[in-house]
Amino acid sequence: MEARRGVARDAGAEHGPGWAESVRGAGAGGMATPCREQIHQEVQDYYGKELQKSEDLKTNACVTSARPLPKAVRDALEHVHEEVVARYYGCGLVIPECLLSCRILDLGCGSGRDCYLLSQLVGEQGHVTGIDMTEGQVEVAKKHIAYHMNKFGYRKPNVEFLHGYIEKLSDAGLADESYDIVISNCVINLTPDKKAVLQEAFRVLKPGGEMYFSDVYASQRLSETIRKHRVLWGECLAGALYWRDLYSITEEVGFSPPCLVTASPITIGDKELEGIIGDCRFVSATFRLFKVPGGSRAGPGQVIYNGGIMGHERELVFDANFTFKEGEVVDVDAEMAAILQSSRFAEEFLIRAGASATAAQGNCCKRAKEKICNPFQLLEQLAAPGPACCPRGTSGPPGCC
Ligand SMILES: C[S@@+](CC[C@H](N)C(=O)[O-])C[C@H]1O[C@@H](n2cnc3c(N)ncnc32)[C@H](O)[C@@H]1O
């Protein structure tokens with residue numbers, strides 16, 4: 001499915017007096033302090049005043065998951081208030097598996113659509129916190145707490161919404177190691193300091209915790225002309241990370257290497273903006289990052305999924321590289337072994353250390369199939385006609401797996 005960030009506003013009105021000046025010299029991960037406030041203000045005006053509903057973006061980016069929505073998510077979505085859904089501006093599906101009783105934090109929750117979805121999936125014993133800097137969006141989210149708790153049949157609310165900056169979660173009172181999962185949907189591209197956001201997410205995650213998030217990525221580092229374009233900022237393009245920079249920033253922060261889950265293309269429906277963007281391409285991609293405790297980093301291994309995760313009993317499609325079928329032995333590399341061993345997935349797997357004889361020798365399939373890390377490469381693979389090469393642990397066409 002294709003995500004189109006068509007551009008609702010006057011494409012020529014790109015720089016205000018201080019705007020262009022302020023973003024000069026911005027690097028891949030951060031910007032000079034003076035421009036941070038301006039970017040925050042611009043984004044708040046855009047999401048608080050300019051946009052009233054998803055259609056104002058003139059985009060079909062919402063729910064762009066390349067995978068069909070699981071039934072539990074479709075059902076949960078039907079229970080979310082229409083005003084909350086109308087103000088949804090996400091670019092992917094940020095609903096991981098194995099959620100019962102989890103504590104979840106949504107960075108840049110907007111009107112709270114994903115929070116109310118997750119509120120149902122974590123159950124009454126779980127908890128969801130949404131935080132956003134745009135007051136108008138947080139107000140909409142808060143306004144409907146009682147409606148949803150009543151609808152879900154919960155005696156006390158399991159959701160809360162906070163007004164604040166995701167670069168400074170401590171200012172909002174969020175403690176170290178207090179969440180099992182952090183999610184975020186089309187937000188980090190809008191932040192001037194991506195590393196600060198990831199550092200804060202890492203801090204509030206419990207050991208073994210996961211960050212599961214969708215965002216917009218660029219095929220190359222963005223030119224200054226793109227980065228200083230107001231409309232492109234509001235539309236989630238000018239602040240997009242070059243996809244390779246996600247890997248270096250997450251490593252610096254201490255996360256395990258990103259697991260690429262899925263990718264959807266983004267096209268620009270405006271000639272003038274296409275001219276500014278040139279040959280740069282954009283993709284909406286979902287990644288999962290884990291806070292693997294130091295001692296859990298081990299070697300490769302073999303794992304068997306027990307089929308115990310609700311809604312994923314026959315197979316667990318973990319990411320673009322690994323699908324675990326119930327009862328099947330799958331060779332995993334050291335990174336995946338450490339993730340499964342240290343996270344909430346541990347009790348769903350039998351994990352044996354040491355690679356199998358075939359994996360150690362490197363059979364033809366293993367040699368042929370490199371792990372996919374590049375969301376643009378994944379897009380090409382998903383768009384390719386005929387049977388695609390399958391994730392590890394699944395059966396595929398001859399010569400593939
Ligand atoms: C594209 S919208 C997505 C909203 C929501 N995740 C959804 O799916 O509907 C981006 C949201 O991120 C929020 N945001 C951007 N930068 C932020 C920051 N630094 N701190 C807190 N919220 C931020 C904006 O206020 C806006 O509500």
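## A pair of antiparallel strands

Strand E10 (residues 301-305) and strand E13 run antiparallel and are joined by four bridges. Strands (E, at least two residues) and helices (H or I, at least four residues) are DSSP runs, numbered from the N terminus. Two strands pair if DSSP finds at least two bridges between them. Val303 has Val330 in E13 as its bridge partner.

## The model and the chain

This is a predicted model, in which local features need pLDDT of at least 70 and side-chain atom pairs count only at pLDDT 80 or more, while totals for chains, interfaces and linings use all residues. Residues are numbered from 1 along each chain as its sequence is written.

The secondary structure of the chain comes to 16 helices and 14 strands. Of its 401 residues, 46% count as buried. Among contacts between residues at least 6 apart in sequence, 78% join residues at least 24 apart. Two residues are in contact if their C-beta atoms, placed from the backbone, lie within 7 Å.

## Parallel strands

Strand E5 (residues 179-185) has seven of its seven residues buried, so E5 is largely enclosed by the rest of the structure. E5 pairs with strand E2 (residues 103-107) in the parallel sense over four bridges, and Asp106 stands opposite Ile183 in E5. E5 also runs parallel to E6, to which six bridges join it. Here Ser184 stands opposite Phe213 in E6.

E2 has four of its five residues buried, so E2 is also largely enclosed by the rest of the structure. Five bridges link E2 to strand E3 (residues 127-132), and these two run parallel. The bridge partner of Arg103 in E3 is His127.

## The largest nonpolar core

A nonpolar core is a set of buried Ala, Val, Leu, Ile, Met, Phe, Trp, Tyr and Cys residues joined through C-beta atoms within 7 Å. The largest one has 103 residues, of which Ile104, Leu118, Val182, Val216, Tyr217 and Ala240 touch the most other members. Its largest share, seven residues, comes from strand E6 (residues 205-218). The core draws at least three residues from each of domain 1 (39-44 + 51-291) and domain 2 (295-354), with domain bounds from an automatic or database domain assignment.

Leaving out residues up to four places away in sequence, Leu118 touches Ile95, Leu99, Ile104 and Val128. In soluble globular proteins, nonpolar side chains tend to be buried together.

## Around the ligand

The ligand is surrounded by 25 residues, and the closest are Gly90, Gly108, Gly110, Met133 and Thr134. A residue is near a molecule if its C-beta atom, placed from the backbone, lies within 6 Å of it. Helix H2 (33-50) and helix H5 (113-122) are the elements that give two or more residues to this shell. H2 supplies the largest share, four residues.

The shell divides into twelve nonpolar, nine polar and four charged residues. Ala, Val, Leu, Ile, Met, Phe, Trp, Tyr, Cys and Pro count as nonpolar, Asp, Glu, Lys and Arg as charged, and the others, Gly among them, as polar.

## Residues in loops

Cys186 lies in the loop between E5 and helix H8 (194-204). Its phi is near 65°, a positive value in a residue other than glycine. Why does Cys186 count as buried? Cys186 counts as buried because it has 25 C-beta neighbours inside 10 Å. Cys236 is in the loop between helix H10 (230-234) and strand E7 (241-242). Phi of Cys236 is near 75°, a positive value in a residue other than glycine, and Cys236 is buried, with 27 other C-beta atoms within 10 Å.

Phe322 sits in the loop between strand E11 (315-317) and strand E12 (323-325). Phe322 is buried, with 21 other C-beta atoms within 10 Å. Phe322 and Val261 are 61 residues apart in sequence and 9.3 Å apart in space, C-alpha to C-alpha. Pro68, in the loop between H2 and helix H3 (71-78), is exposed, with 10 other C-beta atoms within 10 Å.

Terms used: Buried ≥ 20, exposed ≤ 12 C-beta atoms within 10 Å, placed from the backbone.
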